[in-house]
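Colleague: Hi! I'm new to this one, could you walk me through it?

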Amino acid sequence: MTAQRRLLPPATTDAAATAGLRTEVREFVAEQLAAGAFTPSVDGWLCGWDETFTAALAARGYLGMTVPKEYGGQGRSHIERFVVTEELLAAGAPVAAHWIADRQIVPALLKNGTEAQKREFLPKIAAGECFFGIGMSEPDSGSDLASVRTRAEKTGDGWSLTGTKVWTSGAHRAHAFIVLARTAAVDAAHRHDGLSQFIVRFDSPGVEVRPIVSMNGGHHFNEVILDEVFVSEDLVFGQIGDGWRQVTSELAYERSGPERVLSTFPLLAAAAESVAHHKLSRDAELGRLVARVAGLHHMSTAVAGALERHEPADVPAAVVKLLGTSAEGDIADYADLRSGDQTTAGRYFRELVTVAVDQRPGFTLRGGTTEVLRGMIARGLGLR
């Protein structure tokens, strides 16, 4: 492992160069709040499904920002997209409808998609008209993607997929998802071989979406059953047998973004406001949390810069996700410990606390468990 892989340089884009864009997004958010379009929430990128808000973002050019103009996008940089998504997350905006498609599917299509796939899906994603899910995790597999059992068998002019995917966010509302499946027998010595990806439409015959309802009554996760689902050859994603390389590349986008840092930021902002108005007691822990978020902002921006330069960022992304998960959870704990029955903080603050505490256990699971990420980081840094 070279020193260059150990440490990413800061993003080269000067903050002053994106200040105007930040101002534009903040003005847009203020307009939406004034119109009552949304109420800031915790985990708005996962739970806040609002297709009307997504359409408003698309109309402003805030979706498909990194998509080339020839495919209906804005042709802007990863850093500019980072600025927009960071501002939306900090505001607690409801961005779940388009989040996975814009964050993960767009760069995957640009890198591994066929020309026909790019022309079909990218313009619709940029317009806020096509929503995607992710078909990686499976029951009893945990975060070990090499153990997936969903199989794809060649049949005629396509493939037949059979298996089960789980924790598929938005599957009950999305249009399609990219499925990781095994196309060759498992080789114990090379478990990462023989995996491939396919674009599967949720309305295809043989696809059944079963809701996974959280203890708090929320529904964003799903189990997806694939029963001999036919996928035509033109919806093979990337190269057959190259699924592992493709997936690990996609995970850098999933793990490094500001959503791994700012899921509970609306609660942190509300806590700071409550302290300022003497509704919560002042202590040093609030300052420490703000400092951690500020540091993570710079780390996440550096990963966005690496993605812009087409450099490997899997290990740095894992670091951001690991540290971001810890900070998000600590924000939930900080607010929860200071909002007991005697607090004078308002109802909205207590509602944010409730959601943050409910969601907290999931922080350590989604995007890769804490244990898996620690192992990945140790191997990446040559520590084992």
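This is a predicted model: local features need pLDDT of at least 70, side-chain atom pairs count only at pLDDT 80 or more; totals for chains, interfaces and linings use all residues.

Colleague: What volume does it have?
Modeller: About 50 Å³. The largest cavity has a volume of about 190 Å³.

Colleague: How many cavities of 30 Å³ or more are there?
Modeller: The count comes to four.

Colleague: Tell me about the largest cavity, then. Which residues are closest to its centre?
Modeller: The lining has 17 residues, and the closest to the centre are H78, R81, Y253, G257 and L307. The elements giving two or more residues to this lining are α5, α6, α8 and α11. By class, the lining of the largest cavity holds seven nonpolar, six polar and four charged residues.

Colleague: Which domains does that lining draw on?
Modeller: It takes at least three residues from each of domain 1 (15-130) and domain 3 (257-381).

Colleague: What area do domain 1 and domain 3 bury between them?
Modeller: The size of an interface is often given as the accessible area lost when the parts come together. For domain 1 and domain 3 that comes to about 1800 Å², with 67% of it on carbon and sulfur atoms.

Colleague: How many salt bridges cross the interface of domain 1 and domain 3?
Modeller: The rule finds one salt bridge across that interface.

Colleague: New topic: how close do the N and O atoms of R103 and E259 come?
Modeller: R103 and E259 form a salt bridge, and their closest N and O atoms are 2.8 Å apart.

Colleague: How many salt bridges are there in the whole structure?
Modeller: A search of the whole structure gives 23. One of them joins E31 and R60, with the closest N and O atoms 3.7 Å apart. That pair links distant parts of the chain, with E31 in helix α2 (residues 15-34) and R60 in the loop between α4 (51-59) and α5 (78-90), 29 residues apart.

Colleague: Let's switch to pockets. How much space lies in the largest pocket?
Modeller: About 1400 Å³. The largest pocket is lined by 45 residues, and S137, L365, R366, G367 and G368 lie nearest its centre. Several elements give two or more residues to that lining, among them α3 (44-47), β6 (207-213), β7 (219-232) and α12 (314-337).

Colleague: How do those lining residues divide by class?
Modeller: For the largest pocket it's 20 nonpolar, 15 polar and 10 charged.

Colleague: And how much space is in the second largest pocket?
Modeller: About 470 Å³. The second largest pocket has 20 lining residues, and those nearest its centre are K111, S249, Y253, L307 and H310. Its lining has nine nonpolar, six polar and five charged residues.

Colleague: Which elements and domains supply the lining of that second largest pocket?
Modeller: α6, α8 and α11 (284-308) each supply at least two residues. As for domains, the lining draws at least three residues from each of domain 1 (15-130) and domain 3 (257-381).

Key
Residues are numbered from 1 along each chain as its sequence is written. Side-chain values use heavy atoms; hydrogens and water are left out. On a 1 Å grid over the protein atoms alone, a cavity is a set of points where a 1.4 Å probe fits but cannot get out, and a pocket is an open set with protein on both sides within 12 Å along at least five of seven lines; lining residues have an atom within 4 Å of a point. Grid points are joined across faces, edges and corners, and a volume is the space filled by probe spheres set on the points. Helices (H or I, at least four residues) and strands (E, at least two) are DSSP runs, numbered from the N terminus. Ala, Val, Leu, Ile, Met, Phe, Trp, Tyr, Cys and Pro count as nonpolar, Asp, Glu, Lys and Arg as charged, and the others, Gly among them, as polar. Domain bounds come from an automatic or database domain assignment. Buried area is the accessible area (1.4 Å probe) that two parts lose on being put together, summed over both. A salt bridge is a side-chain nitrogen of Lys or Arg within 4 Å of a carboxyl oxygen of Asp or Glu.
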